[in-house]
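Please read the report below alongside the model. It goes from the whole chain to single residues.

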Amino acid sequence: MDDQMVMDDQMLDQDQFQSYRALYVHIPFCKKRCAYCDFTTEAIESGDPRIESYMDSLIMKIRRYSRQEILGQLETVYIGGGTPSHIGNKELSRLIYTLSLSMHLTPEVECTMEANPESLTLPMVKDIFALGVTRLSMGVQSFDNEVLQTLGRIHSASQAVEAIKTAQVRFDNISIDLMCGIPGQSHQSFVDSVSKALALEIPHISIYPLSIEEETPFEKRISQGLTEDIDPDTQASMMQEAEELLFAAGYHRYEVASYARPGHECRHNKAYWTGVPYLGIGRGAVSMKQNDHQRIRFNEEGVIETLNRPQMLVEDLFLGMRMSEGVSKEYVERIDREIEGTLDTFESLIDDNLVYEDAGRLKPTEKGWLLGNVLYGRIYSLEP
Ligand code: SF4
């Protein structure tokens, strides 16, 4: 029995495991690799026959899972990459049509698709909207051409603006990613990018500090002294500047890197942070299934990690601290009955102003997010 069949058998064991409520579909193709990227993706021309055969196999899997009745409870779908928009309208339409036949892709289901500015077209926007996509997440990163060049992005700032306007022909639920702390990026450049996003009325904005991943062109350039290294203090002050601008514009920070206007939070990402079982389909996709005793993460090759119950509970606390809503005090008290010292740890986090109590919930403070390693490290030290 191969690994895939083993995983399929486990997935069929629905008496034991909770139903999947979120679906991730991975499209591992891009036009060109960005200088900082270590995701599972491959640079390929959009008409390459390997894309069609990859999509064939995705579609076969979705149909099989539908027959196995494991797609009936899905509340969110996320088509991510890579660059989904790079594979073109025909392949995307095949995929979304298959999803609409295989699960209840009703308007209540949040269905997000990622797109990059250089490959999003008006016909694509119209078709994916008609087939059931409800939300577009655009990889913009910056509205400054020099910064985009440093990152190795293949689109310009004006292409990003055009793509957003094209998306807005059908979608009001749009998210963009912006990055801060990029070598050579001034404070003004970053602030201008956030202001541009606000002027474009984007209701969801994710702000990430650039991180240097191993074996990327960026890492090589830094190690050779060709590019300056990132500065965590600059990144922290840019994150704070973004927060001030976005708060003033009526956004709330519902997760450490995510800002939304009311009602525009990403339900799919919230599923990851609240211990909701998810199914991942595709080359780099990870799935998570769980029951009361264990949480298992796996991909197409097999099991990646298995958490026992105490490890699951600690992970839930950690994930809760990524979100502004935190965790309920009652939940922490329940965990304290199973993991000694949980309440004491939270009391000491409150004493250190990393966590605060508000209306029966324990929530991370601004300082807690800034010193995330300390906050998360103390929670993980609870693991028996
Ligand atoms: S577009 Fe996204 S996935 Fe593709 S190489 Fe760039 S960062 Fe990586």
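How far apart do the C-alpha centres of domain 1 and domain 2 lie? They lie 29 Å apart. The structure is a predicted model, in which local features need pLDDT of at least 70 and side-chain atom pairs count only at pLDDT 80 or more, while totals for chains, interfaces and linings use all residues. Residues are numbered from 1 along each chain as its sequence is written.

**Domains and confidence**

Domain bounds come from an automatic or database domain assignment. For the protein chain, this gives domain 1 as 3–272 and domain 2 as 308–380. Two residues are in contact if their C-beta atoms, placed from the backbone, lie within 7 Å. By that rule, five residues of domain 1 are in contact with six residues of domain 2. On the side of domain 1 that touches domain 2, strand S9 (residues 252–255) gives the largest share, three residues. Helices (H or I, at least four residues) and strands (E, at least two) are DSSP runs, numbered from the N terminus. This side of domain 1 has three nonpolar, no polar and two charged residues. Here Ala, Val, Leu, Ile, Met, Phe, Trp, Tyr, Cys and Pro count as nonpolar, Asp, Glu, Lys and Arg as charged, and the others, Gly among them, as polar.

The predictor's confidence in each residue is pLDDT, from 0 to 100. Its average over the protein chain is 94, and 96% of the residues score at least 70. Residues 1–6 stay under 50, and the model has four contacts for them beyond four places in sequence. Residues 8–12 are also below 50, with three contacts beyond near neighbours in sequence. Where pLDDT is low, the predicted coordinates should not be read in detail.

**A three-stranded sheet**

Strands S15, S17 and S16 form an open sheet in the order S15-S17-S16, with antiparallel pairing. Two strands pair if DSSP finds at least two bridges between them. S15 (327–328) and S16 (355–358) are the edge strands, each pairing on one side only. The table lists the two pairings.

| Strands | Bridges | Sense |
|---|---|---|
| S15 and S17 (residues 361–364) | two bridges | antiparallel |
| S16 and S17 | four bridges | antiparallel |

Ser328 stands opposite Arg361 in S17. Tyr356 has Lys363 of S17 as its bridge partner. The hairpin of S16 and S17 has two residues between the strands, and in it Ala359 takes a positive phi near 50°.

**Around the ligand**

Which residues are around the ligand? They are Cys30, Arg33, Cys34, Cys37, Phe39, Thr41, Gly81, Gly82, Thr83, Asn116 and Gly139. A residue is near a molecule if its C-beta atom, placed from the backbone, lies within 6 Å of it. This shell divides into four nonpolar, six polar and one charged.

The peptide bond from Gly81 to Gly82 is cis, with omega near 15°. Gly82 is in the loop between strand S4 (76–81) and helix H3 (89–102). Glu69, in the loop between helix H2 (49–67) and S4, has a positive phi near 60°. Most residues other than glycine have a negative phi, and most peptide bonds are trans.
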